[in-house]
Amino acid sequence: MFDPHDATVRRFAAACRRRDRAALEAVLGHDAVATCDGGGLVPSPLGPVRGAAEVARLVIDVMGGHAGAELTVESVNGRAGLALRHVSRAVAVVAAETAGPQVTALWIVLDPAKLTGWHRG
């Protein structure tokens, strides 16, 4: 069965892997919002980032800052989301909200204490 949310997240993941700002902006809704949780340990914006261009820039910075990292589509909070791992250790987990073919909101967890359950052995 076709799942529009899953398809949109997969398009978003593909754009992330390519670090393709134009493709990211195309899959992000015009009014997209991203909220990061760095837990005070990982540098991240203190408040929400708004707008497709700014969210795309943030995503490239967060997802592209780990050479050799693997980005996978996985279940996050029961729906398709993203996990970024470097040498089997999770460095980011992203939950996404979608509306049709666009991502409207992202919740990006960067706090190492909240990512331990995402590490692979």
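**Note on the sheet, its helix and the pocket**

1. Start at the E5–E6 turn. Alanine 99 has glutamine 102 of E6 as its bridge partner. The model is a predicted one. In this hairpin two residues sit between the strands, and glycine 100 adopts a positive phi near 60°. E5 and E6 run antiparallel, with seven bridges between them.

2. Now the whole sheet. Six strands make up an open sheet, ordered E2-E1-E6-E5-E4-E3, with mixed pairing. Strand E2 (49-50) and strand E3 (70-76) are the edges; each has a single partner strand, so one side of each lacks a neighbour in the sheet. As a reminder, strands of a sheet pair through backbone hydrogen bonds, in either the parallel or the antiparallel sense.

3. E3 pairs with strand E4 (residues 79-86) in the antiparallel sense, over seven bridges. Glutamate 70 has arginine 85 in E4 as its bridge partner. Helix H3 (residues 52-63) packs on the sheet. H3 touches strand E1 (28-37), E2, E3, E4, strand E5 (89-99) and strand E6 (102-109). The direction of H3 makes about 40° with that of E1.

4. E4 against E5. These two strands run antiparallel and are joined by five bridges. Leucine 82 stands opposite valine 94 in E5. The E4–E5 hairpin has two residues between the strands, and valine 87 takes a positive phi near 50° there. Check this turn alongside the E5–E6 hairpin, where glycine 100 has the positive phi, near 60°.

5. The parallel pair. E1 and E6 run parallel and are joined by six bridges. Aspartate 37 has valine 109 in E6 as its bridge partner.

6. Aspartate 37 again, this time by its side chain. Which residue is the salt-bridge partner of aspartate 37? The partner is lysine 114, with the closest N and O atoms 2.5 Å apart. Aspartate 37 belongs to strand E1 and lysine 114 to helix H4, so the pair ties together parts 77 residues apart in sequence. In total, the model has seven salt bridges.

7. The largest pocket. The space in it comes to about 170 Å³. Its lining has 13 residues; Val42, His66, Val91, Leu110 and Leu115 lie nearest the centre. Which element gives the most to the lining of the largest pocket? E5 does, with three residues. H3, E5 and helix H4 (112-115) each supply at least two residues of the lining. By class, eight lining residues are nonpolar, three are polar and two are charged.

8. How these points meet. H4 contributes to the pocket lining and also holds lysine 114, the residue paired with aspartate 37 of E1. E5 lines the pocket too, and E5 is bridged to E6 and to E4. H3 is in contact with E5 and is another contributor to the lining.

9. Alanine 26 lies in helix H2 (residues 21-27). Leaving aside neighbours within four places in sequence, alanine 26 is in contact with Arg11 and Gln102. Gln102 returns us to the opening point, as the bridge partner of alanine 99. The C-alpha atoms of alanine 26 and phenylalanine 2 are separated by 21 Å, with the two residues 24 apart along the chain.

Methods. Residues numbered from 1 in each chain as written. Predicted model: local features only at pLDDT ≥ 70, side-chain atom pairs only at ≥ 80, totals over all residues. Heavy atoms only, no water. Pairing = 2+ DSSP bridges. Helix = DSSP H or I, 4+ residues; strand = E, 2+ residues; numbered from the N terminus. Contact = heavy atoms within 4.5 Å. Axes fitted to C-alpha atoms, helices over the stretch in contact; angles between N-to-C directions. 1 Å grid on protein atoms, 1.4 Å probe; cavity = no way out; pocket = protein on both sides within 12 Å on 5 of 7 lines; lining within 4 Å. Points joined across faces, edges and corners; volume = space filled by probe spheres on them. Nonpolar A, V, L, I, M, F, W, Y, C, P; charged D, E, K, R; others polar. Salt bridge = Lys/Arg side-chain N within 4 Å of Asp/Glu carboxyl O.
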